[in-house]
Amino acid sequence: MNIRHLTFRLLQVYVTVIRCGSISEAARQLHLTQPTVSQQLKRLSEAVGGPLLEHHTAELRMTDTGQALYQASRDVLGRFEDFADQLGALQQGSKGRFSIALVNTAQYVLPRLLGPFSLAFPDVDVTVNIGNRRQVLTRFERQDDDIYVFSHPPSLDHAVAARFMRNPLVAIASTAHPLAQAPDELLMEQLLSERLLLREPGSATRMLLEGWLQEHGLAMRSTLQMASNEAIRVAVGAQMGVAILSEHVLPKEHPELAVLKVKDLPIESHWQLIVRNDRRLPQPAQRFLQYTRDHLEEWIEPRFVCNELATLFRPRPSPWTKSVLKTTSADTPPIRAPLQGYK
């Protein structure tokens, strides 16, 4: 490989192609012609000494060499973005940018963290991406964002997670529903005899519910799938059925809804902040995590607080260190390195 032939522009073009998933879309975003982008990819492949991309039906896939170059490119370009942010911070105070991706239900809780942070650091630009679990998992795998919020985290082979908030799943019904009038605690079987309103398969709330029911030897009977928590909430109020949702989905005042007293409920889960440990974490993202760790109890109702964010700042082996440890003999002292992006 001839390092001297690698330029920032070539790396920027390559990263844009991977993010867009197509050469034509990357050319549009970069304001270049498609042949120009293709030529720059060819130059980059020649400089590296091997193919970077493979065509599979209608999509581009990275080779092993391409994957390694993509991670290196993100790291190199990101470090210079940090450098620019640091210069700005030195000259004008704290500023910079980071992105955070969260599943739909988390949109009810993240403003409680981002609001105070934005007031304290008005020059930090935060991009928030919201989607269903499948969409956010895709962003996680592509490393599109700096921080992720899940209640049911993905595989943590390349990431570290920390719980910060309880996310109890409660049963709700219309206040006019007969179950809402029951004087005694209900059994789960009674709830399951009603039509249960559900999110789509793969959503975190549904996964947690299905797992809980399986553990307790129970099964759903009549169900109706709906596209959003808001739709379920409105449908429950209209007596279309009952539901089990995150307590945080409910507004402070919900006169048309009743939280049912059901044995063994609520189902306990937690919101978690997740960062990848195989990529650099921007300084503003670190600042957000630190500020949240130090002030969480001021922003969240005490019964919901579960502040384990210190976990994100513990030294952890980097991917390079892990590979070294695998080849280190038992007599050699282990090498330890901090999580990339943390001090």
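In this predicted model, a polar atom of the S269 side chain lies 2.5 Å from the backbone oxygen of N167. S269 sits in the loop between β11 (257-259) and β12 (270-276). The relative accessible area of S269 is 5%, so the residue is buried. Beyond its neighbours within four places in sequence, S269 is in contact with M165, R166, N167, P168, L169 and L208.

Aromatic rings were examined next. A search of the whole structure finds nine aromatic pairs. One of them joins F117 and Y291. The ring centres of F117 and Y291 are 6.1 Å apart and the planes meet at 65°, over the 60 degrees required, so the pair is edge-to-face. This pair links distant parts of the chain. F117 belongs to helix α5 (residues 111-120), Y291 to helix α10 (residues 283-299), and 174 residues separate them. F117 is buried, with a relative accessible area of 0%. Both F117 and Y291 belong to one aromatic cluster, together with F98, F121, F288 and W299.

F140 and Y148 form another edge-to-face aromatic pair. Their centres are 5.2 Å apart, with 80° between the planes. F140 is buried, as is Y148.

Technical notes
Residues numbered from 1 in each chain as written. Predicted model: local features only at pLDDT ≥ 70, side-chain atom pairs only at ≥ 80, totals over all residues. Heavy atoms only, no water. Helix = DSSP H or I, 4+ residues; strand = E, 2+ residues; numbered from the N terminus. Buried < 20%, exposed > 50% of the residue type's maximum accessible area, 1.4 Å probe, protein only. Polar contact = N/O pair within 3.5 Å; in protein donor to acceptor, adjacent residues only side chain to side chain. Contact = heavy atoms within 4.5 Å. Phe/Tyr/Trp six-rings, centres within 6.5 Å; stacked < 30°, edge-to-face > 60°.
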